Amino acid sequence: MVEQHKWVTQGAEFNRHFEERPSKQQVEVILVKVAHQPFGLLMSQVYNIVRPDNGEVTLRQHHTKGQTWREIEYRGEFLKIVELDRILYLSQGEPLELEYRQILLSGRIHPSGLMVEPFGVLCDEILVITSISTDDLRPIPGWLFKKRLGKLIWGAALLKPEVLVEKYDLQGLSDNVLDGKGSNLTHQNFPVFATPPSVGQPKGSTTSLLHTAQSNQDERRPVMLLDLEILHRRIYNN
Amino acid sequence: MSEFQFGLTAPEPQSEAERLMLGLQKRTSAFQNEQDQEPLVSLLTFNLGDEWFALLLDQVKLVSRLLEVAPVPGTSRYVLGVINYKSTIYPLIDIHELLSLESQMPTRASRFVIINHNQYAFAILVDSMTEVKEVRERELEGQIRSNKDISHYIHSELSLNERLLGLLNLDAILHTVAEVD
């Protein structure tokens with residue numbers, strides 16, 4: 001039932017709370033591209049970046065049913081890797097191509113300082129590493145994707161377009177992600193019309209509430225943030 | 001001694017028609033009083049395809065022009081993504097398919113209606129806004145004549161200006177969006 005998915009969006013109150021109490025705290029985020037979409041990962045969860053095209057990586061094990069990872073050999077060690085496009089339902093099971101892709105290494109740090117239970121996440125491209133104020137982080141309602149992704153997406157960062165444009169062509173965002181129902185309507189159809197309306201104003205409005213909002217004044221784009229700890233738990237079952 | 005002797009005039013005997021008219025006036029007046037006491041409900045009406053739908057005005061936070069939509073993977077097929085309106089993120093839902101309507105390409109008349117329903121805040125895509133209608137609360141209890149496939153998502157149907165207006169059932173819509181992959 002809907003009741004199970006309750007999630008509070010306080011809206012204006014939420015923003016006011018952030019504006020009145022700026023945290024000045026920053027988090028470092030690595031922005032990656034997966035299936036033409038930008039995603040953010042906390043740098044505190046990433047320990048290294050591997051380029052599979054340098055000959056050090058070979059695929060050792062293919063997917064088995066219900067398994068979210070494959071195994072590769074990296075510098076003589078076996079390493080479990082998760083394909084982000086697959087786990088995010090952004091690909092249709094195309095064969096794994098390691099070349100031209102990048103692997104972010106993650107895991108847990110043992111008190112001795114060594115990384116234990118390592119794993120890698122495969123992305124298409126690394127866009128940029130940037131610092132984001134915690135005031136620019138927003139929650140995403142869990143009921144949107146709880147059933148399929150659990151808490152893998154833990155929030156969104158509101159980023160100025162310039163942050164992404166530096167290394168990334170925004171026009172190429174997401175060619176096929178949301179069109180699962182076979183219609184032509186996707187999020188891509190919208191930016192074209194992001195201009196003040198000339199028609200369609202509500203007639204007979206009896207309250208100012210219904211005057212169409214004319215200016216958003218916030219051009220920042222929400223970028224989904226992924227929690228690698230969730231993937232770690234899935235791989236190592238803890 | 002009869003009362004007529006004190007200058008009081010006897011009421012003239014009413015004709016049948018007059019009595020009926022008097023009765024009608026009383027009933028009209030009573031009906032008017034009843035109507036005045038019954039609360040009015042404001043509905044925000046809009047079009048989805050060629051169909052006319054409404055939401056309770058109290059549930060509507062605002063109506064926005066189209067904004068950029070950021071995709072969210074792993075959501076139900078009814079979710080187009082999220083929008084950033086004044087630093088708040090709202091899921092955007094396309095309810096055309098739920099209502100057995102063909103999705104329309106957005107035009108300059110399309111709008112996002114941002115809704116606060118119970119503890120949920122989200123936006124729906126509508127093809128064009130129409131107007132705010134005030135109706136009697138009792139009219140919201142009308143029978144649903146739409147086909148069974150979509151009647152679940154319609155709370156009630158009203159006949160206004162010779163058009164059928166469907167009041168959306170947000171609980172049912174949210175339930176489906178949250179549950180269906």
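Tutor: Confidence comes first: chain B has an average pLDDT of 86, with 86% of its residues scoring at least 70, where pLDDT is the predictor's confidence in each residue, on a scale from 0 to 100. For the complex, the predictor gives an ipTM of 0.71 and a pTM of 0.74. Because the model is predicted, local features need a pLDDT of at least 70 and side-chain atom pairs count only at pLDDT 80 or more, while totals for chains, interfaces and linings use all residues; side-chain values use heavy atoms, with hydrogens and water left out. Residues are numbered from 1 along each chain as its sequence is written, and chains are lettered from A and ligands numbered from 1 in the order in which they are written.

Six of the strands form an open sheet with mixed pairing, in the order 9-1-2-12-11-10; two strands are taken to pair if DSSP finds at least two bridges between them. In general, strands of a sheet pair through backbone hydrogen bonds, either parallel or antiparallel. At the edges of this sheet stand strand 9 (125-133) and strand 10 (137-138) of chain A, each of which pairs on one side only.

Strand 11 (residues 153-159) runs antiparallel to strand 12 (residues 221-226) of chain A, and six bridges join the two. Along this pairing, A:Ile153 has A:Leu226 as its bridge partner in strand 12, and A:Ala156 stands opposite A:Met224 in strand 12. Strand 11 of chain A also pairs in the antiparallel sense with strand 10 of chain A, over two bridges, and here A:Leu137 has A:Ala157 of strand 11 as its bridge partner. Six of the seven residues of strand 11 of chain A are buried, so that strand is largely enclosed by the rest of the structure; buried means under 20% relative accessible area, exposed means over 50%, and partly exposed lies in between (1.4 Å probe, protein chains only).

In general, side chains of opposite charge can pair when their charged atoms come close. Here a salt bridge is a side-chain nitrogen of Lys or Arg within 4 Å of a carboxyl oxygen of Asp or Glu, and the whole structure contains 13 of them over all chains. One of them joins A:Arg70 to A:Glu83, at 2.8 Å from N to O. A:Arg70 sits in strand 5 (residues 70-74) and A:Glu83 in strand 6 (residues 77-83) of chain A, so this pair ties together parts that are 13 residues apart in sequence. Both partners are covered: A:Arg70 counts as buried at 5% relative accessibility, and A:Glu83 is buried with a relative accessible area of 4%. A:Glu83 also meets A:Arg86 in a salt bridge of 3.6 Å, N to O, although A:Arg86 counts as partly exposed at 28% relative accessibility. Together, A:Arg70, A:Glu83 and A:Arg86 are linked in a network of salt bridges. A further salt bridge joins A:Glu229 to A:Arg233, with the closest N and O atoms 3.5 Å apart; these two residues lie four apart in helix 5 (residues 228-236) of chain A, which separates them by about one helical turn. A:Arg233 is partly exposed, at a relative accessible area of 41%.

To set this part against its chain, buried residues make up 48% of the 238 residues of chain A. Where contact means heavy atoms within 4.5 Å, 65% of the contacts in chain A between residues at least 6 apart in sequence join residues at least 24 apart.
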